[in-house]
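Here is a short briefing to read alongside the model.

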Amino acid sequence: MTLIETIARMRAAHLMVRDAKEWDGLATGLLEAYAAKDEDLVEQLQSPFLQSWRTVTRYVLRDTFDQAGILVGEPSDPWGIAVLTTNGRSAEPLLCLADRAELQGAGTPNVDGRRLMTFSEVMTHYSECLEPLFAKQSA
């Protein structure tokens, strides 16, 4: 399985579960709850939001990652999707920007000093995380 095939399947699997507007809607609802400092609503929305992303990766994409020789482990970051490992290399796609410098002046509600990404941004970041895992294959 190539990087391009894996990325295409990854994107299709997420869009099979929800379209991009629905994924973005989940993030928006969570951000609004954080901005309103509504801890009950945050608690109600955060777990299903994280679990949705993690479930697609762990279960829907199981065969795709198995074919690519990538092991899927539990995330180590609270906003991580999974830890992906192959050939001694690991990557952890996140659902938010962890770089606080990018948040300065952004004016966007954030979670734990991070900005939740849109569906498109997560897909780009996820793809970038996969690239080093395929580096040995293409060398």
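**The sheet**

Three strands form an open sheet in the order 1-2-3, with antiparallel pairing; strands pair if DSSP finds at least two bridges between them. This is a predicted model, where local features need pLDDT of at least 70, side-chain atom pairs count only at pLDDT 80 or more, and totals for chains, interfaces and linings use all residues. Residues are numbered from 1 along each chain as its sequence is written, and side-chain values use heavy atoms, leaving out hydrogens and water.

- Strand 1 (71-73) and strand 3 (89-91) are the edge strands, each pairing on one side only; strands (E, at least two residues) and helices (H or I, at least four) are DSSP runs numbered from the N terminus.
- Strand 2 (residues 83-86) runs antiparallel to strand 3, and three bridges join them.
- Leu-84 has Ala-91 in strand 3 as its bridge partner.

**Helix 3**

- Helix 3 (residues 39-60) has 22 residues and spans 31 Å from first C-alpha to last, close to the 32 Å expected at 1.5 Å a residue (1.5 Å times one less than the number of residues).
- Its buried residues (under 20% relative accessible area, 1.4 Å probe, protein chains only) include Phe-49, Trp-53 and Arg-54.

**Cysteines**

- Cys-96 counts as buried because its relative accessibility is 2%, and Cys-129 counts as buried at 10%.
- The whole structure has zero disulfides (pairs of cysteine sulfur atoms within 2.5 Å).

Notes. Buried < 20%, exposed > 50% of the residue type's maximum accessible area, 1.4 Å probe, protein only.
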